[in-house]
Amino acid sequence: MRLQISNSAKMVLAMCVLALTATLHAQTPVSSSTGNEQASAEQYAKTINIADPRSPIASRPGALTLVQVIEAARAKNPTLLAAAQNLRAVRAQEIQAGVRQNPNFEVAASNITEPGSVNNPYAYAFQVSRLFERGEKRRWRLDDARATTAETAAQLEDTTRQTLLIIKTAFIQMLQAKASLQLTRAELQQFQHEVDIANDRFKAGDMARIDFERLDLQVASFESAESTDSVNLRQASDQLQTLMGTENPKPDFDISGDIVPPALTVNLPDLIKTALDKRPDYAAAQHAVAAAEANQKLAFANGTTDPTLEGEFDVTGPERSVGFQVSIPLRIFDRNQGNKETSIFQADASRFTLMAAKNQVVSDVDQAWINYTESKRLADRYTSHYLEETKDVLGIAQFAFEHGGIALIDYIDAVRDTEIINSAAISAYQQTWLAIHQLSAATASEMTP
C-alpha cells in the first residue's frame with residue numbers, strides 16, 4: 001500500500017507539473033515560471049475541503065460515551081447479573097459450612113397404662129445425644145468455603161473484565177463504522193462536486209462525453225461504500241445495545257468518542273507488575289490453591305474419629321435413674337484414605353494451575369503491549385505523514401484536472417489512492433484503540449481516563 005501511494009503521488013505530481021508547464025508555454029510568455037503554476041496548485045490544494053479521517057465524528061444530542069455505556073452494561077448486562085447471583089449463592093455456602101452438629105433428643109415410653117405398683121410399671125426414658133467433631137473439621141470447612149467464595153468473587157471480576165473488553169470492542173467497532181460512514185459521505189460529496197464541474201465542462205464542449213461518463217460512473221463506488229457503511233453502523237449499534245442489556249435495540253442510539261487514539265505513557269515492566277497485582281483470573285487461581293489446601297486439611301480431619309455422647313434419664317414407676325453412653329467409631333478400615341490422596345493431588349494440580357495463570361498473565365500483557373506499540377506507530381505515521389501527503393496529492397490532482405492539466409485516469413487514480421489511505425488510516429486508528437483496550441484488559445486497569 002505504501003509503494004502504491006508513493007508511486008501514484010510521484011506520477012500525479014510529475015504529470016501535473018509537465019502538463020501545466022506545457023499549457024503555460026503555449027498560452028503565456030516565457031517569463032511566467034512553472035514554479036509559480038505549481039505553487040498555485042499547492043495553494044489551491046490547501047484551500048479545498050478534502051475529507052479527513054481525523055475529523056471529529058458528529059454525534060446526536062444525548063450520545064453516550066464509553067464510560068456511560070460501561071455503566072449501563074454493569075447495571076443491565078445479563079451475563080454480569082447472572083455471575084453476581086452465582087457469587088451470592090456461593091457465599092451462602094459459608095453459612096452452611098459453619099454450622100455445628102445438631103443434638104438428638106429421644107423419648108421412649110412403655111407400659112404407660114400400668115400403675116407403679118405392678119411388676120412391670122410404666123416406664124419413660126429421655127435421651128439427649130450429640131456428635132462432637134474432632135480434627136477442627138468446622139474450621140477447615142469454613143476455610144474451604146471462604147476460599148471458594150473469594151475464588152468465585154475473583155471469577156466474577158474476571159467475567160466482568162472479559163465482558164467489558166467485548167463491550168469496548170463493540171464500542172470501537174461502532175465508532176469506526178460512524179467514522180467510515182462520515183468519511184464516505186464527505187468523499188461522495190467532494191467527488192460529486194468534481195462530477196458537477198465535469199458536467200459543466202462537458203456541456204461547454206471542453207470534455208469528451210466518454211470522459212464525463214467514466215467520471216460519473218465512479219460515483220457508484222462511493223454510493224456502494226456509503227450503503228455498506230450504513231449497514232455496518234446499524235449492525236454495530238445493535239450489537240453494542242445488546243451487550244448493554246437492551247431488549248429492543250433503538251435505531252436512534254448513538255455514541256460519541258475520538259477516533260484518533262491517545263498516546264500511553266507506560267512501560268512494559270510496570271504493566272506486568274500491575275497485571276500480577278490486579279488480574280482477577282490470577283487472583284482466582286491463588287484462591288483456588290487456598291481452597292484446595294483447606295480441602296486437603298479437611299480430608300485428613302475427616303479421617304479422625306468423632307465420638308457421640310449420650311445422656312439418659314429414666315423413670316420406671318417410682319424409680320428414677322440417670323445414665324450415659326459414649327459411642328466411638330473404630331476407624332480400622334475406613335480412615336478416609338482415598339479422599340486424602342485425592343485432596344493431595346488436587347492441591348498439587350491447583351499449584352500448577354496457578355503457575356500457568358501467572359505465565360498467561362505475563363504473556364497477555366506482552367502480546368497486548370507489542371500490539372499497541374506497533375499499531376500506535378502505524379497510526380501516528382498515517383496521522384503525521386500519509387494523510388497530509390494524500391491531501392496534497394489529491395488537491396494538486398484536482399486542481400490539475402479542473403484546469404485540464406492531467407488525464408481523467410490520473411485523477412481517478414489519485415481519488416482511489418485517497419480512498420485507500422483514508423480507509424487504512426481509520427483501520428489503523430481502530431486497531432490502536434482495540435490494542436489499548438486489550439492492554440487495559442490484560443492489566444485489569446484502565447489505560448485511558
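Q: At 56% relative accessibility, does Asp-277 count as buried or exposed?
A: This is a predicted model, in which local features need pLDDT of at least 70, side-chain atom pairs count only at pLDDT 80 or more, and totals for chains, interfaces and linings use all residues. Residues are numbered from 1 along each chain as its sequence is written, and side-chain values use heavy atoms, without hydrogens or water. Buried means under 20% relative accessible area, exposed over 50%, and partly exposed in between (1.4 Å probe, protein chains only). At 56%, Asp-277 therefore counts as exposed.

Q: Is Arg-201 buried or exposed?
A: Arg-201 forms a salt bridge with Asp-206, and their closest N and O atoms are 3.1 Å apart. Asp-206 has a relative accessible area of 51% and is exposed. Arg-201 has 13% relative accessibility, so this residue counts as buried.

Q: How many residues apart are Lys-178 and Asp-254?
A: Lys-178 and Asp-254 form a salt bridge of 2.8 Å, N to O. The pair links distant parts of the chain, with Lys-178 in helix H5 and Asp-254 in the loop between H7 and helix H8 (268–278); helices here are DSSP runs (H or I, at least four residues), numbered from the N terminus. Lys-178 and Asp-254 are both buried. Their separation in the chain is 76 residues.

Q: How many salt bridges does the count come to?
A: Some of the residues form a network of salt bridges: Asp-158, Arg-161, Arg-279, Asp-281 and Asp-364 are linked in this way. The count of salt bridges comes to 20.

Q: Which helix gives the largest share of the lining of the largest cavity?
A: A cavity is a set of points on a 1 Å grid where a 1.4 Å probe fits but cannot get out, and lining residues have an atom within 4 Å of a point. The largest cavity holds about 90 Å³ of space, and its lining includes Glu-187, Phe-191, Tyr-411, Val-415 and Glu-419. Helix H5 (137–203) and helix H11 (408–443) each supply at least two lining residues. The largest share, five residues, comes from H11.

Q: How many residues does H11 give to the lining of the second largest cavity?
A: The second largest cavity has a volume of about 30 Å³, and its lining includes Gln-218, Phe-222, Ile-412 and Arg-416. Helix H7 (219–243) and H11 each supply at least two of the lining residues. H11 gives the most, and its number of residues is four.

Q: What distance separates the C-alpha atoms of Ala-368 and Ser-440?
A: Ala-368 lies in helix H10 (residues 337–402) and is buried, with a relative accessible area of 0%. Leaving aside residues up to four places away in sequence, Ala-368 touches Ala-435, Gln-438, Leu-439 and Ala-442, where contact means heavy atoms within 4.5 Å. Ser-440 is 72 residues from Ala-368 along the chain, and their C-alpha atoms are separated by 8.8 Å.

Notes:
On a 1 Å grid over the protein atoms alone, a cavity is a set of points where a 1.4 Å probe fits but cannot get out, and a pocket is an open set with protein on both sides within 12 Å along at least five of seven lines; lining residues have an atom within 4 Å of a point. Grid points are joined across faces, edges and corners, and a volume is the space filled by probe spheres set on the points. A salt bridge is a side-chain nitrogen of Lys or Arg within 4 Å of a carboxyl oxygen of Asp or Glu.
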